[in-house]
Amino acid sequence: MVTRPVLEIFAADDCALWPVGEHESFGCLVLNGKPTPAEVGTAVMRIADRNGSEPDEEHGPFPTDPLGIFPHGLLTMPDLLATAGPRATDTTTTGTDFVEPGRCNGLGTWRDRLDVLDGTGCAHFGHDPSSTAERVGDTVRLTHGAYGTDGSPVTGLPADQVRRRVADAQQDLQDFLGLAGARAEQHLSAHAAPVTAALARALDLASSP
């Protein structure tokens, strides 16, 4: 079983601020320390677009310059979301994505795995396909589609193995944040610190678990 944090990507238009990669809509980009500079630019643009805001009184005066417009939502929206989440794939037998990021789901759900281990014992990862994780004794049971047919794929992992993989996913996101912060310093120097802090919030890395 391989677990990776992934971000939902749309086909991107050219960005005036930095290079972006070419991706098909509704694809997923793995977030860790390995993306190319263009892929990092694509991911940051996608997160900024997802949290974009329109001019209104609640979010303060809307900037007029491109360098101010781009991060405005990141810097003013109280609740940030990076659409996607953790993906757990069985690479040894079925090839099934047992935990597959659902629509309306966010990357911050990596912490839900800790809730499975130490809290309620159950977590849901959005709808379509409504993946779930449930602790049963010393095992975490993963179901691909909890509300689908009775034949929906199910597998189990030792709880201590899941805990290690949660830590690995957190490190992957930290590594990506380091790359994104470096890109912000290069291309958004006036906003680099607050943009990096906002990305940390969107990835739920602003505080320790």
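**Strand and helix packing in a predicted model**

Me: What does helix α5 lie across, and at what angle does it run to β8?
Reply: In this predicted model, helix α5 (residues 159–187) lies across β6 (132–136), β7 and β8, and its direction is at about 85 degrees to β8. Angles of 65 to 115 degrees count as roughly perpendicular, so α5 and β8, at about 85 degrees, are roughly perpendicular.

Me: Why are β5 and β8 said to stand at the edges of the sheet?
Reply: The open sheet has 4 strands in the order β5-β6-β7-β8, with antiparallel pairing. β5 (122–124) and β8 (154–158) each have a single partner strand, so one side of each lacks a neighbour in the sheet. On average, neighbouring strands here are turned by 20 degrees against each other, direction ignored.

Me: How do you know that β7 and β8 pair?
Reply: Pairing requires at least two bridges, and β7 (residues 139–143) and β8 share 5 bridges in the antiparallel sense. T143 stands opposite V154 in β8.

Me: Why is α5 called roughly antiparallel to α6?
Reply: The axes of α5 and helix α6 (residues 192–202) come within 9 Å and cross at roughly 155 degrees. Angles over 145 degrees count as roughly antiparallel, and therefore α5 is roughly antiparallel to α6. The crossing of α5 with α6 is right-handed.

Me: What makes up the contact of α5 with α6?
Reply: From α5, L177, A180, G181, A184 and E185 meet A192, V195, T196, L199 and A200 of α6. The residues of this contact comprise 7 nonpolar, 2 polar and 1 charged.

Methods
Residues numbered from 1 in each chain as written. Predicted model: local features only at pLDDT ≥ 70, side-chain atom pairs only at ≥ 80, totals over all residues. Heavy atoms only, no water. Helix = DSSP H or I, 4+ residues; strand = E, 2+ residues; numbered from the N terminus. Axes fitted to C-alpha atoms, helices over the stretch in contact; angles between N-to-C directions. Contact = heavy atoms within 4.5 Å. Parallel < 35°, antiparallel > 145°, perpendicular 65-115°, else oblique. Left-handed = near helix turned anticlockwise from the far one by under 90°. Nonpolar A, V, L, I, M, F, W, Y, C, P; charged D, E, K, R; others polar.
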